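Please read these points beside the model, and check each one against the sequence as you go.

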Amino acid sequence: MERSTRQRSSIRTVMEAAGRPLLPGEILVAAQRAVPNIGLATVYRNLKQLMDAGEIQMVELPGEAPRYELSGHKHHHHFSCKLCHRVFDVHECPGNMMQLAPQGFVVEGHELTLYGRCNDCRSGAASQRPGAAPHVAAPGAGKMR
């Protein structure tokens, strides 16, 4: 049981340090720095337990694998880098969407995803090519606030 607690703690630490939604594979690579023997099945099992406990939430973007982020964020949106495929939190919102809805419709919620190049990829765009394998940055790299 101690091993599971250490693994879960490592996953939580990775997510806190990243400050952005992470794919399970990104969590695995970063968590292996602290717990070398952790495997992908263990990451998924712990993600489910952390979700059940309300500590993390799933981030679903159209056509992409689910990512996970810490719970407790106010309403926010996301930015998806088209080169490295990392996703970042955007803590701004355009606000009232009622003006975009057809006449007589009622908006009850919305999701907004911005697409482009993150600061890391924008700075090193010459070395990045569309379709290149996405890189996994160290936790905390490329944080947006």
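The numbered points below take up a strand and its partners, a pocket, a helix residue and some salt bridges.

1. This is a predicted model, in which local features need pLDDT of at least 70 and side-chain atom pairs count only at pLDDT 80 or more, while totals for chains, interfaces and linings use all residues. Residues are numbered from 1 along each chain as its sequence is written, and side-chain values use heavy atoms, with hydrogens and water left out.

2. Begin with strand E3, residues 77-81, which is mostly covered, as five of its five residues are buried. Buried here means under 20% relative accessible area, exposed means over 50%, and partly exposed lies in between (1.4 Å probe, protein chains only). Helices (H or I, at least four residues) and strands (E, at least two) are DSSP runs, numbered from the N terminus. From E3, His77, Phe79 and Cys81 point one way, whereas His78 and Ser80 point the other way, and all are buried.

3. Which strands pair with E3? Strand E4 (residues 87-90) pairs with E3 in the antiparallel sense over four bridges, and in this pairing His77 stands opposite Val90; strand E5 (residues 113-116) runs parallel to E3 and is joined to E3 by four bridges, with Phe79 opposite Leu114. Two strands pair if DSSP finds at least two bridges between them. E3 and E4 also form a hairpin with five residues between them, and His85 in the turn has a positive phi of about 70°.

4. The largest pocket holds about 270 Å³ of space, and its lining has 17 residues, of which Val59, His76, His77, His78 and Glu111 lie nearest its centre. On a 1 Å grid over the protein atoms alone, a pocket is an open set of points where a 1.4 Å probe fits, with protein on both sides within 12 Å along at least five of seven lines, and lining residues have an atom within 4 Å of a point. Grid points are joined across faces, edges and corners, and the volume is the space filled by probe spheres set on the points. Strand E1 (56-59) and E3 each supply at least two residues of this lining, and E1 gives the most, with three.

5. Thr42 lies in helix H3, residues 40-52, and counts as buried because its relative accessibility is 12%. Leaving aside residues up to four places away in sequence, Thr42 touches Gln7 and Ile11, where contact means heavy atoms within 4.5 Å.

6. A search of the whole structure finds five salt bridges, a salt bridge being a side-chain nitrogen of Lys or Arg within 4 Å of a carboxyl oxygen of Asp or Glu. One of them joins the side chains of Arg20 and Glu26 (2.9 Å, N to O); Arg20 is buried at 4% relative accessibility, and Glu26 is buried at 8%.

7. Are Lys48 and Asp52 buried or exposed? Lys48 is exposed, with a relative accessible area of 52%, and Asp52 counts as exposed at 58%. Their side chains meet in a salt bridge (2.9 Å, N to O), and because they are four residues apart in helix H3, they are separated by about one helical turn.

8. The side chains of Arg86 and Asp120 meet in a salt bridge as well (2.9 Å, N to O). Arg86 lies in the loop between E3 and E4 and Asp120 in helix H4 (residues 119-123), so this pair ties together parts that are 34 residues apart in sequence. Arg86 is buried, with a relative accessible area of 0%, whereas Asp120 counts as partly exposed at 37%.
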